[in-house]
Structures are given as C-alpha cells and as structure tokens.
Amino acid sequence: MLFFLKLQRILKISLITMYSSRENSKYKTIGEVAKILNLIDKKRGSLSTHTIRFWEKQFKQIKPKIFSGNRRYYDENSINVLKKIKYLLKDKGMTLIGVKKVLNSENSDVDEIYNTTIRHNNVIRTKINYIKNIINELKHQDGKKNSRKS
C-alpha cells in the first residue's frame with residue numbers, strides 16, 4: 001500500500017511538472033508570472049516573487065491553485081488581475097487601499113484605462129522615434145555643411 005501511495009505521488013508530481021513546463025500551459029508558476037510582470041529586484045537582479053505573494057495576501061481576487069509542496073500555479077484570470085494591480089500600483093502610483101477600491105467596484109474601468117494607456121504609450125513612442133529621426137537628419141546635414149567649409 002505504501003508503495004502505491006509513493007507511486008501515486010511521483011506520478012502526480014510528474015504530471016504537474018510536465019503540464020506546467022509547456023510553453024503555453026494553462027497554469028504558470030510564480031517565477032513565470034514574475035517574468036511576465038517584469039518584477040525584478042533591482043539590487044539583486046532576481047525575480048521578485050515575494051511581491052506576488054504579498055499582493056496575493058492583500059487582494060482576494062488573486063486565487064492561485066496550490067498543489068503538492070505548496071507550489072503556486074496561476075491561471076490566466078489571476079495573471080490578468082496581477083497585471084492590473086501592478087499597473088495601478090507601479091504605473092499610476094495608487095495606494096493599496098485605492099487599488100482595492102478600484103478592483104472591488106462593480107463598474108471598474110481599469111481594463112479601458114489600461115488599454116488606453118498602452119495605446120497612448122505607443123503613440124508617444126512613435127512621436128519620439130519621429131523626433132529622433134529628424135534630429136539625426138539635422139546632425140547629418142550639419143556634418144555635410146561643416147565638411148564643405150574645410
């Protein structure tokens with residue numbers, strides 16, 4: 001009987017490992033989620049998985065599946081909630097209480113704000129690249145004028 005329990009546990013761990021190791025698997029580990037969110041400790045250069053665990057305690061919307069060995073696996077819904085939390089805390093500068101209010105409100109327009117900001121950032125990047133090209137052209141033209149004078 002003990003043999004079968006050990007065999008069952010080994011099979012379960014193997015299946016979880018195999019299932020979670022696929023590139024597009026349904027569940028992501030906490031390390032994979034930290035990479036997706038780009039949560040990197042600037043001092044050590046390592047992933048900030050502790051931030052996700054902290055947010056998990058603060059926000060009831062984050063519901064990871066916890067399998068054997070207390071390993072956390074996050075589904076797409078939890079990852080999207082984490083993205084919103086990161087956006088509101090880090091990009092918008094909101095407080096934990098403010099983010100909780102936004103996420104708990106029925107008529108939350110976080111998705112629209114998030115998408116609008118992404119579109120706005122892309123427009124800004126395009127304009128910056130346009131201005132950089134103009135500056136480079138001006139420098140290039142100025143270099144030609146100086147070489148003619150010599």
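Q: Where is D41 found?
A: In this predicted model, D41 lies in the loop between α2 (30-37) and α3 (49-58).

Q: Is D41 buried or exposed?
A: D41 counts as buried, because its relative accessibility is 16% and the cut-off for buried is under 20%.

Q: What does the side chain of D41 reach?
A: It reaches the backbone nitrogen of K43, at 3.1 Å.

Q: Which residues is D41 in contact with, leaving aside neighbours within four places in sequence?
A: With those neighbours set aside, D41 is in contact with S46 and S48.

Q: Turning to the sheet, in what order do the strands come?
A: The order is β1-β3-β2, in an open sheet of three strands with antiparallel pairing. The edges are taken by β1 (28-29) and β2 (65-67); each has a single partner strand, so one side of each is left without a neighbour in the sheet.

Q: How many bridges join β2 and β3?
A: Three bridges, in the antiparallel sense, pair β2 with β3 (residues 71-74). Within this pairing, F67 stands opposite R71 in β3.

Q: How many aromatic pairs does a search of the whole structure find?
A: The search finds two. In one of them, Y27 and F67 have ring centres 6.3 Å apart and planes at 90°, so the pair is edge-to-face. This pair links distant parts of the chain, 40 residues apart: Y27 is in the loop between α1 (2-21) and β1, and F67 is in strand β2.

Q: And what is the geometry of the pair formed by F67 and Y73?
A: That pair is tilted, at 5.2 Å centre to centre with 45° between the planes.

Q: Now helix α5: which of its residues are buried?
A: In α5 (residues 96-104), the buried residues are G98, V99 and L103. They are on the same side of α5, because they cover an arc of only 130° around the axis.

Q: Which residues are exposed on the other side of α5?
A: I97 and K101 are exposed there.

Q: What covers the buried residues of α5?
A: The covering elements include α4 (76-91).

Definitions and conventions. Residues numbered from 1 in each chain as written. Predicted model: local features only at pLDDT ≥ 70, side-chain atom pairs only at ≥ 80, totals over all residues. Heavy atoms only, no water. Helix = DSSP H or I, 4+ residues; strand = E, 2+ residues; numbered from the N terminus. Buried < 20%, exposed > 50% of the residue type's maximum accessible area, 1.4 Å probe, protein only. Polar contact = N/O pair within 3.5 Å; in protein donor to acceptor, adjacent residues only side chain to side chain. Contact = heavy atoms within 4.5 Å. Arc of directions from axis to C-beta. Pairing = 2+ DSSP bridges. Phe/Tyr/Trp six-rings, centres within 6.5 Å; stacked < 30°, edge-to-face > 60°.
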